[in-house]
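Here is a short note for someone opening this entry for the first time. Please read the points with the model in view.

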Amino acid sequence: MNVLMRTTDRPDGFRTDADIAAGKVAIDGAVKMLSHLSLLPPTQGRVYGILFNFKGALAEAMADEKAGLWNEPYNGPPDAPVFYLKLPNTVAANGAEIILPYDCGSEELRIDASLGVVIGCSASRLTRKDAMRAVAGYTIACDVTIPHTNYYRPPIRHRCRDGFCPVGPWVVDKKDIPEPANLGLRVFIDGRLKGRGHTSDWIRSIPDLLCELTDIVSLCPGDVVLTGAFAGAPVALAGQSVRIEIDGIGALENTVSLEENVGGVS
């Protein structure tokens with residue numbers, strides 16, 4: 001399968017043949033394992049997330065008294081998509097460490113697996129008829145969050161820490177994923193399956209999401225639109241490994257480490 005990827009020695013990106021299942025790519029006439037490459041995130045644009053786009057995730061939040069969906073000022077589930085931004089500092093590559101902040105008030109991080117829709121052209125005010133023309137391909141995103149219950153106004157302190165959105169390991173062309181609404185997602189922590197979902201559980205399709213998002217902002221080539229996370233997202237502790245698999249896309253692997261450098265100027 002042909003994929004788009006970036007490495008530290010080829011930061012502008014390149015296309016190559018990949019064995020998705022085996023995690024191998026052809027580079028300069030040789031077959032190499034992903035684990036032997038120094039990867040960069042395959043995209044260089046903004047990342048947009050969405051809450052409650054899986055039916056199970058919405059039902060889970062509605063049943064959670066701490067979520068407050070039935071309280072003022074909301075008084076019920078959202079009737080419009082709840083978008084949020086993952087800031088540029090959050091984007092990381094396959095193999096990068098996910099840093100658990102020492103002062104975040106939690107000993108664990110929530111790991112939300114999401115299919116990322118990669119935008120291939122400038123797009124504004126899309127219609128359902130032309131929305132998919134703006135899509136270049138698909139990737140895997142690990143939408144990391146410090147556990148919290150402020151659902152309607154996703155806060156920066158919980159969602160936008162450094163490295164809180166690993167993306168990759170590559171972008172698969174959309175022609176190779178003809179049915180993005182029929183893909184399985186799996187999350188493994190230390191090699192053990194801890195959560196699974198399926199894109200058939202989406203509330204809003206990719207065209208729906210792109211239409212509603214581009215009514216608010218214009219999308220640019222390289223932007224990534226996350227399609228949401230399934231219910232029952234697992235958590236990871238410092239020292240644990242995280243692997244997200246999506247059918248037809250491959251696997252994204254990272255490790256969680258406890259923050260040691262408390263900041264400063266460098």
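**Aromatic rings, core and cysteines**

1. The count of aromatic pairs comes to zero. Keep in mind that this is a predicted model.

2. Rings do meet charges, however. The charged end of R10 sits over the ring of F14, 4.0 Å from the ring centre. R159 lies over the face of Y84, and here the distance to the ring centre is 4.4 Å.

3. Next, the nonpolar interior. In soluble globular proteins, nonpolar side chains tend to be buried together. The largest nonpolar core here has 59 residues. Those with the most contacts inside this core are M5, I111, W170, L210 and I244. Strand β10, residues 108–119, gives the most to the core, with six residues. Another core lies apart from it and has eight residues, among them V118, A141, V167 and L226.

4. M5 deserves a look of its own. Setting aside neighbours within four places in sequence, M5 is in contact with G13, F14, T16, V25 and L34 among others. The list also includes L37, L39, P42, P169 and W170.

5. Now the cysteines. How many disulfides are there? The count comes to zero. A disulfide is a covalent bond between the sulfur atoms of two cysteines, and the cut-off used is 2.5 Å between the sulfurs. For C211, the closest cysteine sulfur is in C121, 13 Å away, so it is too far for a bond. For C220, the closest cysteine sulfur is also in C121, at 10 Å, and that is too far for a bond as well.

6. Is C211 buried or exposed? C211 is buried, with a relative accessible area of 10%. C220 counts as partly exposed, at 33% relative accessibility.

7. Finally, N94. Where is N94 placed? N94 is in the loop between β8 (91–92) and β9 (97–100). N94 counts as buried because its relative accessibility is 16%, and the limit for buried is under 20%. A polar atom of the N94 side chain lies 2.8 Å from the backbone nitrogen of E253.

Definitions and conventions: Residues numbered from 1 in each chain as written. Predicted model: local features only at pLDDT ≥ 70, side-chain atom pairs only at ≥ 80, totals over all residues. Heavy atoms only, no water. Buried < 20%, exposed > 50% of the residue type's maximum accessible area, 1.4 Å probe, protein only. Phe/Tyr/Trp six-rings, centres within 6.5 Å; stacked < 30°, edge-to-face > 60°. Lys NZ or Arg CZ within 6 Å of the ring centre and 35° of its normal. Core = buried A, V, L, I, M, F, W, Y, C linked by side-chain atoms within 4.5 Å. Helix = DSSP H or I, 4+ residues; strand = E, 2+ residues; numbered from the N terminus. Contact = heavy atoms within 4.5 Å. Polar contact = N/O pair within 3.5 Å; in protein donor to acceptor, adjacent residues only side chain to side chain.
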